[in-house]
Amino acid sequence: MRKFIDPDHPFYRPLWIRLLIVLFCAVWTAVEFLGEQPMWGMIFLAVTAYASAALLVFYKPSEKGEEKTGGEDQGKGDGSAG
């Protein structure tokens with residue numbers, strides 16, 4: 001089964017992207033409630049809660065990305081000395 005938000009995707013690695021997504025969802029929730037659309041407000045409140053939980057609270061960077069980045073940095077250091 002596919003995840004609604006896949007936190008292991010490299011797109012979600014920077015903190016500012018994750019914060020921006022949650023902020024956008026929260027602002028859209030407020031827009032719906034202020035526009036007197038309580039059903040859509042509740043739907044986006046649930047989306048905001050899910051996004052904040054998946055991208056901020058329970059987020060753990062995948063170890064595959066860390067190993068790959070570490071290998072690239074070490075290779076650049078060895079090649080430039082000389």
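Predicted model: local features only at pLDDT ≥ 70, side-chain atom pairs only at ≥ 80, totals over all residues.
User: Why is T29 called buried?

Analyst: T29 has a relative accessibility of 6%. Buried means under 20%, so T29 counts as buried. T29 lies in helix 1.

User: Why is L19 called partly exposed?

Analyst: L19, another residue of helix 1, has a relative accessible area of 42%. Buried requires under 20% and exposed over 50%; the value of 42% lies in between, so L19 is partly exposed.

User: How do you know that the buried residues of helix 1 are on the same side?

Analyst: The buried residues are I17, R18, V22, C25, T29 and E32. They cover an arc of only 135 degrees around the axis, which puts them on the same side of helix 1. On the other side, W16, L20, L23, F24 and L34 are exposed. Helix 2 is included in what covers the buried residues of helix 1.

User: What makes the span of helix 1 close to the expected one?

Analyst: Helix 1 has 20 residues and reaches 29 Å from its first C-alpha to its last. At 1.5 Å a residue, 28 Å is expected, and the span is close to that value. Helix 1 is followed by E36, which has a positive phi near 60 degrees.

User: How do you know that the buried residues of helix 2 are on the same side?

Analyst: In helix 2, which covers residues 38-57, the buried residues are G41, T48, A51, A54 and L55. Their arc around the axis is only 165 degrees, which puts them on the same side of helix 2. P38, M39, M42 and V57 are exposed on the other side. Helix 1, residues 15-34, is included in what covers the buried residues of helix 2.

User: What makes up the largest nonpolar core?

Analyst: Five residues make up this core: I5, Y12, V22, A51 and L55. Membership requires buried nonpolar residues joined through side-chain atoms within 4.5 Å. Neighbours within four places in sequence aside, L55 is in contact with I5, Y12, R18 and I21.

Conventions: Residues numbered from 1 in each chain as written. Heavy atoms only, no water. Buried < 20%, exposed > 50% of the residue type's maximum accessible area, 1.4 Å probe, protein only. Helix = DSSP H or I, 4+ residues; strand = E, 2+ residues; numbered from the N terminus. Arc of directions from axis to C-beta. Contact = heavy atoms within 4.5 Å. Expected span 1.5 Å × (residues − 1).
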